[in-house]
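Here's a quick briefing to read alongside the model. Have the viewer open and follow along.

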Amino acid sequence: MTVINGKWKINLIWCIYSGIKRPGELERKIPQATRRVLDAQLRQLTDHGIISKVIYDELPLKVEYELTPLGKTIIPAIAVAAQWGEDNREELERLVQD
């Protein structure tokens, strides 16, 4: 749980799995998170081997993130959790509002 514990880590993993890879795209996909927090959580996910950071040697600098083989193994668990949320959306939204 330590590896994926973080407010935006699951969202980041899912976005990268879904094809969003550049920092600016991730920032637009998760606008509630600050760039600083996203950068910190991306760094932690990289340090834990869940994602890899690819830096292209060109100007302007181009950075992309992709899931590692280890990172891909968490996708089924995230998909099950997402389905549970969809199946219980109405009740969960009511509980969150209370």
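Let's start with Gln 41, which sits in helix H3, residues 35-47 (helices are DSSP runs of H or I with at least four residues, strands are runs of E with at least two, and both are numbered from the N terminus). At 10% relative accessibility, Gln 41 counts as buried (buried is under 20% relative accessible area, exposed is over 50%, and partly exposed is in between, using a 1.4 Å probe and protein chains only). Keep in mind that this is a predicted model, where local features need pLDDT of at least 70, side-chain atom pairs count only at pLDDT 80 or more, and totals for chains, interfaces and linings use all residues. Residues are numbered from 1 along each chain as its sequence is written, and side-chain values use heavy atoms, with hydrogens and water left out.

**Around Gln 41**

- The side chain of Gln 41 gets to the backbone nitrogen of Trp 8 at 3.0 Å.
- Setting aside neighbours within four places in sequence, Gln 41 is in contact with Gly 6, Lys 7, Trp 8, Lys 9 and Leu 12 (contact means heavy atoms within 4.5 Å).

**Helix H1 and what it packs on**

- Helix H1 covers residues 9-17, and its buried residues are Lys 9, Leu 12, Ile 13, Cys 15 and Ile 16.
- Looking down the axis of H1, those buried residues fall within an arc of 165°, so they line one face of the helix (the arc is that of the directions from the helix axis to the C-beta atoms).
- The partners packed against the buried residues of H1 are helix H2 (23-29), H3, strand S1 (51-56), strand S2 (62-67) and helix H5 (75-87).

- Ile 51 belongs to strand S1, and with 1% relative accessibility it counts as buried.
- Not counting residues up to four places away in sequence, Ile 51 touches Ile 16, Leu 42, Leu 45, Thr 46, Tyr 65, Glu 66, Leu 67 and Thr 68.
- Ile 16 in that set is also one of the buried residues of H1.
- From Ile 51 to Gln 97, 46 residues apart along the chain, the C-alpha atoms are separated by 34 Å.

- As background, most residues other than glycine have a negative phi, and most peptide bonds are trans.
- Gly 19 is placed in the loop between H1 and H2 and counts as partly exposed at 40% relative accessibility.
- Gly 19 and Leu 38 are 19 residues apart in sequence, and their C-alpha atoms are 17 Å apart in space.
- Leu 59 and Pro 60 are joined by a cis peptide bond, with omega about -5°.
- Pro 60 is in the loop between S1 and S2, and Glu 58 has its place in the loop between S1 and S2 too.
- Glu 58 is partly exposed, with a relative accessible area of 39%.

**Asp 47**

- Asp 47 has its place in helix H3, and it is exposed, with a relative accessible area of 63%.
- Asp 47 and Val 3 are 44 residues apart along the chain, while their C-alpha atoms are separated by 9.3 Å.

**The whole chain**

- The protein has 6 helices and 2 strands, which run α-α-α-β-β-α-α-α along the sequence.
- Its C-alpha trace spans about 50 × 25 × 25 Å along the principal axes.
- Of the 98 residues in the protein, 26% count as buried.
- Among contacts with a separation of 6 or more, 44% come from residues 24 or more positions apart.
- The protein exposes about 7000 Å², and carbon and sulfur atoms supply 53% of that (areas come from the Shrake-Rupley method with a 1.4 Å probe, and for residues only the protein chains shown count as cover).
- There are 14 positive and 14 negative side chains, and the centres of the two sets lie 5 Å apart (Lys and Arg count as positive and Asp and Glu as negative, while His and the chain ends are not counted; the place of a charge is NZ of Lys, CZ of Arg, CG of Asp or CD of Glu).

Methods: Polar contact = N/O pair within 3.5 Å; in protein donor to acceptor, adjacent residues only side chain to side chain.
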